[in-house]
Amino acid sequence: MVFIEQERQIHTDLRGLPVNKMWKVLIALRFYATGCYQLVNGDMFELSQSTISRIVKDVSLRIANNLRAWVNFPLPNQVEIVQNKFYQISKFPGVTMAMDCTHIPISSPGGEQAEYFRNRKGWMSLNVQLIVGPDMEIFDVVTRWPGSVHDSRIFQNSRALELMENGLVKGICIADGGYAQTQFVYTPHPNPITNAQKKYNYSHIRTRNVVERVNGVLKSRFRCLSRKLGTAIKTSNMHLDEEELQFQYETVDVEVMNDGGNNGFNIRNSFIARHFM
């Protein structure tokens, strides 16, 4: 009887015992969905805050390491299907993706580099780039830039641009006025006067709305993205190179209507003349 009582005491104390995989997934999902403090999650599962922290990190890293299993640009045989779906939204031809950035609030990381994370609205964040499809699927995500970096700078240094320039990703990417108009990226007309230009902007706005919806759904479904993430930079495996930090700051609280020079202006006008006259 003494042995049984001792064994019961040992097994009712979870200290030192491994947490099974199902619990780990459920703990991480609860944190993602609610954004509640890890101490609260720990009380619910009778685990310490430090254990919850390790579990969330472990599950998050496993998801990130397998990201390309779910997040990919459409294959060549899928491009036409994607373009047709985008065209059905508002008759904007040739679109295979929509792009935008969204700010994810974080607590100040402290240290000499802390101010790099302060965005144009005055609070600390990560500036995250999303490229999505017509059914709100995510094709590409970039999460490594601090909040003070301009959207266009993130795209200029992204894998997505490299794939477009090398012809590995086909079709048009539509984005807001914070990006330059190029042969790959189509932005709104900065000063629409003619009916064709107005039709182009109307179609562009309605087609690009899908990426705005994705941003909203992500922050609604994963509440941890809406409250200040308190994860330390070292815990997130984020390292900021001094040369990389010589970026373009977001200095204004409005979209920058960038035509990409005369070449971008001509590309857009030719496109409008072909498809919206």
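What pLDDT does the protein average? The answer is 82, with 79% of the residues scoring at least 70; pLDDT is the predictor's confidence in each residue, from 0 to 100.

Before you click around: this is a predicted model, where local features need pLDDT of at least 70 and side-chain atom pairs count only at pLDDT 80 or more, while totals for chains, interfaces and linings use all residues. Residues are numbered from 1 along each chain as its sequence is written, and side-chain values use heavy atoms, leaving out hydrogens and water.

Select residues 1–12, where pLDDT stays under 50 and the model has 0 contacts beyond four places in sequence (contact means heavy atoms within 4.5 Å). Now try residues 239–257: pLDDT is under 50 here too, but there are 47 such contacts.

**Stop two: the core.** Pick Phe 73, Met 97, Met 99, Phe 155 and Val 185. They have the most contacts inside the largest nonpolar core, which has 21 residues. Such a core is a set of buried Ala, Val, Leu, Ile, Met, Phe, Trp, Tyr and Cys residues joined through side-chain atoms within 4.5 Å, buried being under 20% relative accessible area with a 1.4 Å probe, protein chains only. Zoom in on Met 97: beyond its neighbours within four places in sequence, its contacts include Phe 73, Phe 86 and Ile 174.

**Stop three: another core.** Select Val 95, Ala 196, Val 210 and Ile 267, which are among the 19 residues of a second, separate core.

Definitions and conventions:
Buried < 20%, exposed > 50% of the residue type's maximum accessible area, 1.4 Å probe, protein only.
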